[in-house]
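Colleague: Please show me the model. I would like to ask about it piece by piece.

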Amino acid sequence: MESLALIENWPVPTAAAAVVRADGSVAGSRGPADTRFALASVTKPLAAYAVLVALEEGALELDEPAGPEGATVRHLLAHTSGLAFDEHRIQAAPGARRIYSNAGFEVLGEHLAKASGIDFAEYLRQAVLEPLGMSATSLDGSPAKDGVSTLADLTRFAAELQAPRLLDIRTLAEAMTVQYPGTKGVLPGYGHQSPNDWGLGFEIRGAKSPHWTGRSSSPRTFGHFGQSGTFLWVDPDAGAACVVLTDRAFGPWAVEAWTPFTDAVLAGL
């Protein structure tokens, strides 16, 4: 895909990108496939997927208590537990506001580790990474932000998100359905959004503006971006997913570059 060549003009030391069709085939790729990049918050979809596997295995239930009083696993996955961004401090009642929370995902990881008797990073490896052949991916710290991966590995994950082998399709559909509809909140880097739609561990584009995906991205587009200059989106209406990894922190350059890039990718499909 010629549109992927746009990453070569970005003000970043290294960038890699791939587009994966709904049937799992790679429509195109650019940049190093096997270089390991810090994922930052693109770690969260991987962590969420491990939690979804745990739900199907019976280790957890979506609406069991977890985190602050009154909160559940569902609240933690959907960033509505009331926990602050990066502190284990309560800012709101569960379900009242969409407070994007690294702390919430850390509590979620601890909850799953306690329920399963397996360290979260090991659970992630056994439940998601190993079955998908993501051998270059690891979690060395927080399930909110300390993942490391490669373009080749995230291409496999992008295929899984479109045609799941590890989850029942109904579980994945629930994860991509808006949880606590109408909830307002701040989308980091893009300001206040009303509503600020999220599923279970995945952000849902909806009608948000501004946004890090394309102007032509469908409202059903879901995914995540990271402060390390990374993103992963899946657009079910386009029948494709896109992975981008860079080694420059998110900032104005990304806000300027990512939207026209996604629009070009969608136009080229």
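Colleague: Which side chain does the side chain of Arg-74 make a polar contact with?

Modeller: First, the ground rules: this is a predicted model, where local features need pLDDT of at least 70, side-chain atom pairs count only at pLDDT 80 or more, and totals for chains, interfaces and linings use all residues. Residues are numbered from 1 along each chain as its sequence is written, and side-chain values use heavy atoms, with hydrogens and water left out. A polar contact is a pair of N or O atoms within 3.5 Å; within protein, one must be able to donate a hydrogen and the other to accept it, and residues adjacent in sequence count only if both atoms are side-chain atoms. At 2.8 Å, the partner of Arg-74 is the side chain of Asp-63.

Colleague: How many residues apart in sequence are Arg-74 and Asp-63?

Modeller: In space, their C-alpha atoms are 5.9 Å apart. Asp-63 is also among the contacts of Arg-74 (heavy atoms within 4.5 Å). In sequence, the separation is 11 residues.

Colleague: Is Arg-74 buried or exposed?

Modeller: Arg-74 lies in helix 2, residues 73–77. Helices (H or I, at least four residues) and strands (E, at least two) are DSSP runs, numbered from the N terminus. Buried means under 20% relative accessible area, exposed over 50%, and partly exposed in between, with a 1.4 Å probe and protein chains only. Because its relative accessible area is 16%, Arg-74 is buried.

Colleague: Why does Tyr-180 count as partly exposed?

Modeller: Tyr-180 lies in the loop between helix 6 and strand 6 (185–187). Its phi is near 55°, a positive value in a residue other than glycine. Tyr-180 counts as partly exposed because its relative accessibility is 24%.

Colleague: What is the relative accessible area of Ala-40?

Modeller: Ala-40 lies in strand 3, residues 37–40. Ala-40 has a positive phi too, near 50°. This residue is buried, with a relative accessible area of 13%.

Colleague: Which side chain does the side chain of Ser-218 make a polar contact with?

Modeller: Ser-218 sits in the loop between strand 8 (203–204) and strand 9 (222–226). Ser-218 is buried, at 8% relative accessible area. Neighbours within four places in sequence aside, its contacts include Arg-205, Pro-236 and Asp-237. The polar contact, at 2.7 Å, is with the side chain of Asp-235.

Colleague: What volume does the largest pocket have?

Modeller: The search runs on a 1 Å grid over the protein atoms alone; a pocket is an open set of points where a 1.4 Å probe fits, with protein on both sides within 12 Å along at least five of seven lines. Grid points are joined across faces, edges and corners, and a volume is the space filled by probe spheres set on the points. For the largest pocket, that gives about 270 Å³.

Colleague: Which helix gives the largest share of its lining?

Modeller: Lining residues have an atom within 4 Å of a point. Here there are 15, and Leu-161, Met-176, Arg-220, Phe-222 and Pro-236 are the closest to the centre. By class, 12 are nonpolar (Ala, Val, Leu, Ile, Met, Phe, Trp, Tyr, Cys and Pro), 1 is charged (Asp, Glu, Lys and Arg) and 2 are polar (the others, Gly among them). The largest share, 3 residues, comes from helix 6 (residues 169–175).

Colleague: Which strand gives the largest share of the lining of the second largest pocket?

Modeller: The second largest pocket has a volume of about 190 Å³. Of its 15 lining residues, those closest to the centre are Ser-41, Tyr-100, Pro-188, Phe-225 and Gln-227. The lining has 8 nonpolar, 5 polar and 2 charged residues. The largest share, 3 residues, comes from strand 9.
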